[in-house]
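Welcome, and please open your viewer. We will go from stop to stop, selecting a few residues each time and looking at what is there.

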Amino acid sequence: MIVTKALRLALLAAGTAGGLSGAAYGLLNGQAGHARRVIGPPIAEPLRADGVHLPSGVGPVPRGEVPEGVRPLELAVLGDSSAAGLGASFPSELPGVGVARGLAEELDGPVSLTTHAIVGATTQELSEQVDAVLRRPPDVVLIIIGANDVTSKLPVPRCAELLGEQVRRIVEEGVPVVVGTCPDLGAIRPIPQPLRSVASRWSLALARAQRRSVEINGGYAVPLADLLSPEFLARPAEFFSPDRFHPSGAGYEAAAEILLPVVCIAVGAWQGGPLPPAPTRSETAEARRPTSRVVAHLNRRLHLRRP
């Protein structure tokens, strides 16, 4: 897929900054090619289920089935293949559908879903999707983006800056924005080590920068890597689709469950209790740091030596 094909660009930057030897860079470059062959190109376009979704979980239905005088809340989904739901087997598994139906249940009213997300999109291309949304501003916007930025030539600060600019454009139109930040690419098993660690560090750094930029510009940030990595690392066969790169229906369901309360808060519809603060760095990600592994190893050695 384009993501693994372009990982070599990230490796070039990593090698320049970190002083990788020619042999080390050659190893990582070869691993990128291997991952690209294993994952392969997308075998199909993502499913679509745009339209009106009802509190009963039914949808999409024609607008004619909406009771007279009732205006559906308008939800627009922007971003990349994760926002589009590539890898889902059924329309009901799409992340936009999960959020739309959950929002409809919380509001006890219909929600109209419109998906602008494009497979392979980077933050550099997000402005075109925002242009389309602002022609007829919805009630709330959900953005999931970042994985393809890891493979682009743009540095992390620039990617975050571009995202913040688009969030600000939408917020200035009076529309709340919720952003699911970059997932942890270190959870993707077809990417071998040590390339996987490079991709993980890059994606986690981007996610942190995205979060700061989104919140500074008036949006709501949901750190998907920190909140979902434990599930994807522990149950890869269940949470990844057959391509082993994109989430499966179960993976998208887990993401939608995390995103839904924040979307409800954004539109003033959350009836549950206060949400716990999202972590700035997950315990799972922290445990995978080299220093953490060394400390854990020493602790195990000391434990074995105790009488």
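In which loop is the place of D108? Select D108 and you will find it in the loop between α5 (95-107) and β3 (111-115). Helices here are DSSP runs of H or I with at least four residues, strands are runs of E with at least two, and both are numbered from the N terminus.

Before moving on, a word about the model. It is predicted, so local features need pLDDT of at least 70 and side-chain atom pairs count only at pLDDT 80 or more, while totals for chains, interfaces and linings use all residues. Residues are numbered from 1 along each chain as its sequence is written, and side-chain values use heavy atoms, with hydrogens and water left out.

**Still at D108.** Look at the backbone: D108 has a positive phi of about 55 degrees although it is not a glycine. D108 is exposed, with a relative accessible area of 64%. Exposed means over 50% relative accessible area, buried under 20%, and partly exposed in between, using a 1.4 Å probe and protein chains only.

**The whole chain.** Zoom out now. The chain has 13 helices and six strands, and buried residues make up 50% of its 307 residues.

**A cis bond.** Next, select G59 and P60. A cis peptide bond joins them, with omega at about 0 degrees. P60 has its place in the loop between β1 (51-53) and β2 (73-79).

**D80.** Follow the chain to the loop between β2 and α4, where D80 lies. Is D80 buried or exposed? D80 counts as buried, at 2% relative accessibility. Show its contacts (heavy atoms within 4.5 Å): leaving aside residues up to four places away in sequence, D80 touches A117, I118, V119, A121, I144, I145, G146, A147 and N148.

**Two helices side by side.** Select α6 (residues 126-134) and α7 (residues 156-172), whose axes come within 10 Å and cross at roughly 5 degrees. The axes are lines fitted to C-alpha atoms over the stretch in contact, and angles run from 0 to 180 degrees between N-to-C directions. The two helices are therefore roughly parallel to each other; angles under 35 degrees count as roughly parallel, over 145 as roughly antiparallel, 65 to 115 as roughly perpendicular and the rest as oblique. On the α6 side the contact is made by L126, S127, V130, D131 and L134, and on the α7 side by L163, Q166, R169 and I170.

**A160.** Stay in helix α7 and pick A160. At 5% relative accessibility, A160 counts as buried. Beyond residues up to four places away in sequence, A160 touches L206, A209, Q210 and S213.

On a 1 Å grid over the protein atoms alone, a cavity is a set of points where a 1.4 Å probe fits but cannot get out, and lining residues have an atom within 4 Å of a point. Of the 22 residues lining the largest cavity, S82, P183, D184, F232 and P247 are the closest to its centre. Finally, colour α9: the largest share of this lining, five residues, comes from α9.

Conventions. On a 1 Å grid over the protein atoms alone, a cavity is a set of points where a 1.4 Å probe fits but cannot get out, and a pocket is an open set with protein on both sides within 12 Å along at least five of seven lines; lining residues have an atom within 4 Å of a point.
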